[in-house]
Amino acid sequence: MSVGDRLNSLLDRLTDDTAVGTGLTFLAAAVAAVLVIPLGWLFVDVLGLGGRAIDLATSATTLAVLARSVALVVVVTAGSVLVGVPLAVLTVQADIPFKRFWTVLAALPLAVPSYLGAFAVVSATGRGGVLANALQPIGVETIPTVDGFTGAALVLTVYTYPYVFLTTRASLLSLDASLVEAARTLNSGRWEAFRRVTLPQILPGVAAGALLVALYTLSDFGTPNIMRVEVFTQFIYARYTGFMQDYAALLSLQLLAVTAVILAVESRIGADDSGAYASSGNRGALSIRLGWLRYPLLLLPLLVGATAILLPVVVFGLWLTNGGPGYAGGSMTFSWTYGWNSLYVALLAAVASVLVALPIALRSAASDSRLAVLADRAPYAGYAAPGIVLAIALVSFSLNVVPAFYKTVPLLVFAYVVRFVPQAIGSMRTSTLQVDQTLVEAARTLGRSRFGAFRSVTLPLIAPGIVTGAALVFLTTMKELPATLILRPLGFDTLVTYIWRVQEAGLYGRAALPALVLVVVSGLSMAVILAQEDTADGDTNE
C-alpha cells in the first residue's frame, strides 16, 4: 500500500461518524473551557472583596448606573423596533420605487461604528460645530448640542436599528402572503390582518434583531463615553484603570447577569411562534398600495441614511481637507503602522475563527444530537459577553494563570475569536446545510475516500460560507474597541485605539483619516451581508 493510500485510510478512520462524534466531544469541552474558565476567573477576583462585595453591588451609585444602563437598553431597543420594522415592511411589501436602493440605504448605518457616529454628531452640533459653521451664512449661529442620555439613545438607535430591519426583512421575505390575503377576504382590515397574521409570523425575526440591539447597547463602550453619559461599561473601565480590579470584576459579573436576563427574555419571545406558519408558496408576494403616501414615507430611510452615513463622512472629510480641532497641535501623529496593525490582528482572528468554526459547523449541520448542539451553542457565551467584561476576565486570567500571554498579540487574537467566532459558525453552517449530500455519496461510490469527497465536493461548495464568515470576523475585529483598548500590547496601536486616544486628548482633527479608513473598511461588511441576501423578490430596479 502506498503512502497516499495509507494516509487516505487513516483519514477515513479519523473522519467516520464515531470518530467525528468523539472528536467533537473534546472540541465542545475545549470550547466550553476556553469560554467559561476566563470568565469564571471573575469570581476568583470577587472573592478578594470579601463581605464588601454585597455592599458595593447594592450601593446607591452602582444601582443608579445599572438603572441608567438598563433604561438606555430599553429605549434604544424600542426605538430600533419602531424604526426597523416599518422600514422592513416598506422595502418588502410596499409599492415604492427602487426598492433595492432603499433597502441598501436602510441597512448602511450598520457599516459605521456607532462611536464614530457619536464622534461626528458631537462635533457637528453645538456652538462652533460643523453644522453651525456651515449654516452661519444664512444666519444660524448655533445648533443644539446632542449629548447626554438622549444623545446616546438617538445615536445608538440610528446605528443599531438595521439589526431589526434585516432580521424582520428576512422574516417578511419568507412570509406566506396567501394567509394575509385570506384574512383580508374575511373582512379583516389592513391593521387587523397585520396584527393577527403577519405579526405572529415575523415576531421571532423581530425578537432576534431586538436581542442584537439590546446586547450591543449594553456592551457599547465608545458611544456613551463620547456622549458623556455614564453607563456600566464606563463605570467598569474607570474602576479597572483606577487599579480596582476586584471591584471591576464584581461589576462585570453584574453586567453578565443583565446579559443573561436579556437572553432569557428573547428566548421566550423567539420561541413563542405558535402562530407562525411556514409555506413554500407565495412568499413575500403581498403588496401594500400606499398611493400618494409612498413618497412622504420615503423620507424615513432618507433621513436616517443621511444622518448615519452622510454626516460622519462630511465631518471627517472636512477635517481631512481643511483641518479640524487640534489638527495642527499635539504630538499624536497618525502612522499607517496603526492601519497595518489592525489588518494584522484582524487577519489572524479571521483565520483562527475559521479553523475553530469549521468542524463545529460541519457537525451541527449534519446532526441534531446533544453533542452537536453543545458544540454549536457553547461559543455564543463569548459572543454575548460584553467586550469589556471579556477583556477584564482575560487580563486577570492571564496574569494569574499564563502570565507569558499577558498583553500579547496571541491573547488579543484569542479575545477576538471568543467574541466573533459565532459569526463564522453561522455562515458556514448555512452553507453546509445547502450542500446536496447525493453529490458526496456519488463521489464515494466513484472511489473517493471520505476525506477526498470532502476536499473535492463539500469544501468547494461551502467555500463562499467560509469566505463570508472570515470576512465578517475580520471586519468586526477591525471595529472592536474595548477589548483592543485593554488587551493590546504596550505600544501596539490600531486604528480604533488611535482614534480613541486623539478623541480623549481633544485632537479631533487627527482622527479624520483613520476614521474615514475605518468607515470604508466597515462598509465592506455590509457588502458581504447584503450579497448573501436572497433577491428573489425581484425588486432591484422597480
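These legends accompany close-up views of a predicted model. Local features need pLDDT of at least 70, side-chain atom pairs count only at pLDDT 80 or more, and totals for chains, interfaces and linings use all residues. Residues are numbered from 1 along each chain as its sequence is written, and side-chain values use heavy atoms, with hydrogens and water left out.

**View A. D246 and R52 meet in a salt bridge.** The structure holds 4 salt bridges (a side-chain nitrogen of Lys or Arg within 4 Å of a carboxyl oxygen of Asp or Glu). In this one, the N to O distance is 4.0 Å. The pair links distant parts of the chain, with D246 in helix α13 (residues 245-271) and R52 in helix α3 (residues 52-57), 194 residues apart. Helices are DSSP runs (H or I, at least four residues), numbered from the N terminus. D246 is partly exposed at 24% relative accessible area, and R52 is partly exposed at 47% (buried means under 20%, exposed over 50%, partly exposed in between; 1.4 Å probe, protein chains only).

**View B. E480 pairs with R419 in a salt bridge.** Here N to O is 3.7 Å. E480 lies in the loop between α22 (450-479) and α23 (482-487), while R419 belongs to helix α20 (residues 409-433), 61 residues apart. E480 is buried, with a relative accessible area of 8%, and R419 is buried at 11%.

**View C. D493 forms a salt bridge with R501.** Their closest N and O atoms are 3.1 Å apart. D493 counts as buried at 8% relative accessibility, whereas R501 is partly exposed at 26%. Salt bridges that share partners join R488, D493 and R501 into one network.

Conventions:
Helix = DSSP H or I, 4+ residues; strand = E, 2+ residues; numbered from the N terminus.
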